[in-house]
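This report describes the strands, the packing around them and one loop of a predicted model. The sequence and structure are shown first.

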Amino acid sequence: MTRFSLLILTIGIPGAGKSRWVEQYKKTHPLTYVVSTDELRKEITGIEQCVDPSQNDMIHNEARKRVKAILDDPEAKGGLGPEIIVDSTNVSVEEWIAYKKLGASAIIAKIFETTPEQAMKFQEQRERKVPIEILEMKWKQYQNDKKFLTSIFNMIDYL
């Protein structure tokens with residue numbers, strides 16, 4: 001039997017609503033695996049917020065390692081194969097390519113196009129706040145790389 005696997009990447013700056021969307025999606029798709037870089041950061045470092053950017057590569061490498069393990073697991077739930085969501089900013093073409101190389105049958109981009117100013121307003125409702133400089137840096141990275149979306153993803157969904 002052929003297995004079909006689906007990999008969904010959330011794409012958007014901090015505070016855009018990615019994790020909230022994932023939480024709602026999981027309620028109606030309980031067999032979906034979720035790999036969250038925020039949760040991994042908390043698990044690995046004991047700290048929820050990114051206070052040391054040098055740890056980012058380690059966190060993202062671990063996320064890809066876990067996605068690959070699910071993709072390779074013949075017992076992964078989901079009938080013909082697993083559905084996996086990577087809940088992270090995922091704003092650069094390098095990140096998209098790294099996930100595409102993992103070999104999922106299809107890869108979908110769920111894009112949360114939010115400006116840094118909008119994200120700052122959304123953050124008023126969050127415990128964890130990200131400085132405007134980081135939001136602007138990630139937003140610029142996405143603006144620069146979004147021209148590559150159609151060459152990497154099987155489907156692009158703007159939320």
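Is β4 enclosed by the rest of the structure or exposed, and how many of its residues are buried?

## The strand β4

Six of the six residues of β4 are buried, so this strand is largely enclosed by the rest of the structure. A residue counts as buried when its relative accessible area is under 20%. Burial applies to both faces of β4: A106, I108 and K110 are buried on one side, and I107, A109 and I111 are buried on the other.

β4 has a pairing partner in β1, with six bridges in the parallel sense. In this pairing, T10 stands opposite K110 of β4. β4 also pairs with strand β5 (residues 155–158), again in the parallel sense, over four bridges. Here I108 is found opposite M155 of β5.

## The sheet

The strands form an open sheet of five, in the order β2-β3-β1-β4-β5, and the pairing is parallel. β2 and β5 are the edge strands, each pairing on one side only. On average, and with direction ignored, neighbouring strands of the sheet are turned by 20° against each other.

Y33 stands opposite I84 in β3. Helix α2 (residues 37–45) packs on the sheet, where it touches β2 and β3; the direction of α2 makes about 65° with that of β2. Helix α4 packs on the sheet as well, touching β1, β3 and β4, and its direction makes about 165° with that of β1.

In soluble globular proteins, nonpolar side chains tend to be buried together. In this model the largest nonpolar core has 27 residues, and those with the most contacts inside it are L7, L9, I11, V67, W96, Y99 and F153. Two or more residues of this core come from each of β1 (6–11), β2 (33–36), α3 (56–72), β3 (83–87), α4, β4 (106–111) and α7 (149–152). The element that gives the most is α3, with five residues.

What does L9 touch when its neighbours within four places in sequence are left aside? L9 is in contact with V86, N90, W96, Y99, I107, I108, A109, K110 and F153. There is also a second, separate core of 10 residues, which includes W21, V22, Y25 and F112.

## The pair α4 and α6

Two packed helices are described by the angle between their axes and the distance between the axes. For helix α4 (residues 93–100) and helix α6 (residues 132–145), the axes come within 9 Å and cross at roughly 65°. Angles of 65 to 115 degrees count as roughly perpendicular, and α4 and α6 are therefore roughly perpendicular to each other.

On the α4 side the contact is made by V93, E94 and W96, which meet Q141, Y142 and D145 in α6. The residues of this contact divide into three nonpolar, one polar and two charged. W96 is also listed among the residues with the most contacts inside the largest nonpolar core.

## The loop between β3 and α4

Where does S88 lie? S88 is in the loop between β3 and α4, and S88 is buried, with a relative accessible area of 6%. The C-alpha atoms of S88 and L9 are separated by 7.5 Å, although the two residues are 79 residues apart along the chain. Apart from its neighbours within four places in sequence, S88 is in contact with T10, I11, K18, T37 and H60.

T89 lies in the loop between β3 and α4 and is buried, with a relative accessible area of 12%. Leaving aside its neighbours within four places in sequence, T89 contacts T10, I11, G12, I13, P14, K18 and K138. N90 is likewise in the loop between β3 and α4 and counts as buried at 0% relative accessibility. The phi angle of N90 is near 45°, a positive value in a residue other than glycine. N90 is also one of the residues in contact with L9.

Note on methods. Residues numbered from 1 in each chain as written. Predicted model: local features only at pLDDT ≥ 70, side-chain atom pairs only at ≥ 80, totals over all residues. Heavy atoms only, no water. Axes fitted to C-alpha atoms, helices over the stretch in contact; angles between N-to-C directions. Parallel < 35°, antiparallel > 145°, perpendicular 65-115°, else oblique. Contact = heavy atoms within 4.5 Å. Nonpolar A, V, L, I, M, F, W, Y, C, P; charged D, E, K, R; others polar. Core = buried A, V, L, I, M, F, W, Y, C linked by side-chain atoms within 4.5 Å. Buried < 20%, exposed > 50% of the residue type's maximum accessible area, 1.4 Å probe, protein only. Pairing = 2+ DSSP bridges.
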